[in-house]
Amino acid sequence: MFKRRDSLSFWSKVREFFAPKSGWKRALEYYSYRMKRLPDSPTRIALGFAIGAYVSFTPFFGFHFVVAAMVAWMFRANVMASAIGTFVGNPITFPFIATLSLELGSRIFGPLIVEDLSEMGFWEMVGVFGTHIHELVIPYFVGGFVPGMISAVVSFYVVRPLVESYQRRRRAKLVARAKARIAAEASKGAQAAE
């Protein structure tokens, strides 16, 4: 129903992920609207979004959707909201998230032995991650815990009232439409009886 008429090529999808043609503002509006309309309680939706936001601070790059969905399922939160929540980690925020998580992790575990990653090429960086996985992933995971929890708590307390008020307004509109329809049918019935 909501598919494109002309499907995008792989590289077009990649480009669209990093730089949406309609702009980031439009993409954020779409996901906000989509999340508010999820058929679930505001608490479960907010919890799902918070889980997705927290998972964005973990080093499971490429698996954030899967991890968030599994954790949301375990906590009986909304799985779709958890997928939307993982957009807290996006190409714009990942450099800040990674820097913050690694910095906090290195303060807890001591300085990282790995050289400056900013001066390396992509494949050199992948090689460093592969050979120094225990030196990077564990500090990243531990360092991302506190900012991830802060992000999750803030997300929960921001998203829940927004979804609740949206659902309340939507329910009131539906009731008003139903009453107007019943009144119109009643007046038609009264006119037909005359």
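Colleague: Let's start with His64. Which helix is the place of His64 in?
Modeller: Bear in mind that this is a predicted model. In it, the place of His64 is in helix H4.

Colleague: Does His64 count as buried or exposed?
Modeller: The cut-off for buried is under 20% relative accessible area. His64 has a relative accessibility of 7%, so it counts as buried.

Colleague: And which residues does His64 touch, leaving out those up to four places away in sequence?
Modeller: Contact here means heavy atoms within 4.5 Å. With residues up to four places away in sequence not counted, His64 touches Val55, Ser56, Thr58, Thr86 and Phe94.

Colleague: His64 also turns up where H3 meets H4, I think. Which residues of H3 make that contact?
Modeller: H3 and helix H4 (residues 64-74) pack with their axes 9 Å apart. On the H4 side, the contact is made by His64, Val67, Ala68, Val71 and Ala72. By class, the contact has six nonpolar, two polar and no charged residues. The H3 side supplies Ile51, Gly52 and Val55.

Colleague: What do you call the way H3 is set against H4: oblique or roughly antiparallel?
Modeller: The packing angle of H3 and H4 is about 140 degrees. Roughly antiparallel needs an angle over 145. That makes H3 oblique to H4.

Colleague: How many of the 14 residues of H3 are buried?
Modeller: H3 (residues 42-55) reaches 20 Å from its first C-alpha to its last, close to the 20 Å expected at 1.5 Å a residue. Among its buried residues are Pro42, Phe49, Tyr54 and Val55. H3 is largely enclosed by the rest of the structure, because its buried residues number eleven.

Colleague: Now for the loop between H5 and H6. How far apart in space are Asn90 and Ser56, C-alpha to C-alpha?
Modeller: Asn90 lies in the loop between helix H5 (79-85) and H6, and at 13% relative accessibility it counts as buried. Asn90 and Ser56 are 34 residues apart in sequence. In space, their C-alpha to C-alpha distance is 8.4 Å.

Colleague: How are H6 and H8 set, roughly parallel or roughly perpendicular to each other?
Modeller: Helix H6 (residues 94-109) and helix H8 (residues 133-143) pack at about 100 degrees, with axes 7 Å apart. The range 65 to 115 is the one that applies. H6 and H8 are therefore roughly perpendicular.

Colleague: What about the make-up of that contact: how many of its residues are charged?
Modeller: H6 brings residues including Ile97, Leu104 and Phe109, which meet a set in H8 that includes Leu136, Pro139 and Tyr140. The contact of H6 with H8 has eleven nonpolar and four polar residues. As for charged ones, there are no such residues: the count is no charged.

Methods: Residues numbered from 1 in each chain as written. Predicted model: local features only at pLDDT ≥ 70, side-chain atom pairs only at ≥ 80, totals over all residues. Heavy atoms only, no water. Axes fitted to C-alpha atoms, helices over the stretch in contact; angles between N-to-C directions. Helix = DSSP H or I, 4+ residues; strand = E, 2+ residues; numbered from the N terminus. Parallel < 35°, antiparallel > 145°, perpendicular 65-115°, else oblique. Nonpolar A, V, L, I, M, F, W, Y, C, P; charged D, E, K, R; others polar. Expected span 1.5 Å × (residues − 1). Buried < 20%, exposed > 50% of the residue type's maximum accessible area, 1.4 Å probe, protein only.
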